[in-house]
Amino acid sequence: MWCINGRDVTFLCGRAGVSALGAVAAKHTGDEQLLNYYLAQFREIKLPRNIPDELLYGRVGFLWACLFINKHIGAGTIPSACTSAVVNEIIKNGRALAKRGRCPLMFEWYGEKYWGAAHGLAGIMHVLMDMDLKPDEIEDVKGTLIYMINKRFPSGNYPASEEDRKRDVLVHWCHGAPGVALTLVKAAKVFEDEEFLKAAADAAEVVWNRGLLKRVGICHGISGNAYVFLSLYQLTGNVHFLYRAKAFACFLLDRAHKLISEGEMHGGDNPYSLFEGFGGMAFLFLDMIDPSQAKFPAYDL
């Protein structure tokens, strides 16, 4: 059995991602034996009871791997009986922690109630919107997003966590308006609700005004923030958002290497990685070839 550690079960940071990517690659090359091998490895993954619910290391990170496999290999490859049990656990945990508050669902990671895409509400709601939910669960997801909109900072930015309501600082995919904006765009599409679209556009204004960061990556850098504009462009067709995505991408293309060499920008703790470094910037440049098909990697299906 592969997974004895909670950090082994997700698409981004665990064996689930290796197996899912391996299976999809084998499918595209027509190697049925290798496809079956990777699917067998994926199906052996067992979720420890004590793992969190968040995206990077938790249950929704596993669910995203299931969704990725089903999209690229075929619906039902990972059966709903497997995923629905995980969804039920997430909803149960979210309701239990939220029962004394005004938010329908709430989750903790290392004792803190995060809001962002990497460890908190935005990432969890993002994945849940792709699952088969009961009507009351759908209302809980919508209610959680509305709670976040109502409790955002006056600037339009979003707190990193419930406990961090006074520091309007972070404008990253992992914490702050960018990650929440991507989830709100998805909510506008899934629920066909103008309130979510308006909130996403408001968050995009924060990203435009404050999101030209001193890092290049997609987790907490300019490349990731550009995807806010791409997602709104895809949903609305408004070239205003495409212009802003191009502006961020052009800044990186023209100036990133020079500014990093001069010490004015940070190349990332892992400078060639997808989420922290040049890998994410390269991914953005590839997506700018056809912006209508751009997808934030390992977040948008």
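Modeller: Contact here means heavy atoms within 4.5 Å, and helices are DSSP runs of H or I with at least four residues, numbered from the N terminus. The model is predicted, so local features need pLDDT of at least 70 and side-chain atom pairs count only at pLDDT 80 or more, while totals for chains, interfaces and linings use all residues. Residues are numbered from 1 along each chain as its sequence is written, and side-chain values use heavy atoms, with hydrogens and water left out.

Colleague: What covers the buried residues of H8?

Modeller: The cover includes helix H6 (135-150), helix H7 (177-191), helix H9 (222-236) and helix H10 (239-261). The buried residues themselves are Phe196, Ala199, Ala200, Ala203, Ala204, Val206 and Val207, where buried means under 20% relative accessible area, exposed over 50% and partly exposed in between, with a 1.4 Å probe and protein chains only.

Colleague: Why are the buried residues of H8 said to line one face of the helix?

Modeller: Seen down the axis of H8, they fall within an arc of 155°, so they line one face; the arc is that of the directions from the helix axis to the C-beta atoms. The face turned away from this buried side carries the exposed residues Glu194, Lys198 and Asn209.

Notes: Helix = DSSP H or I, 4+ residues; strand = E, 2+ residues; numbered from the N terminus.
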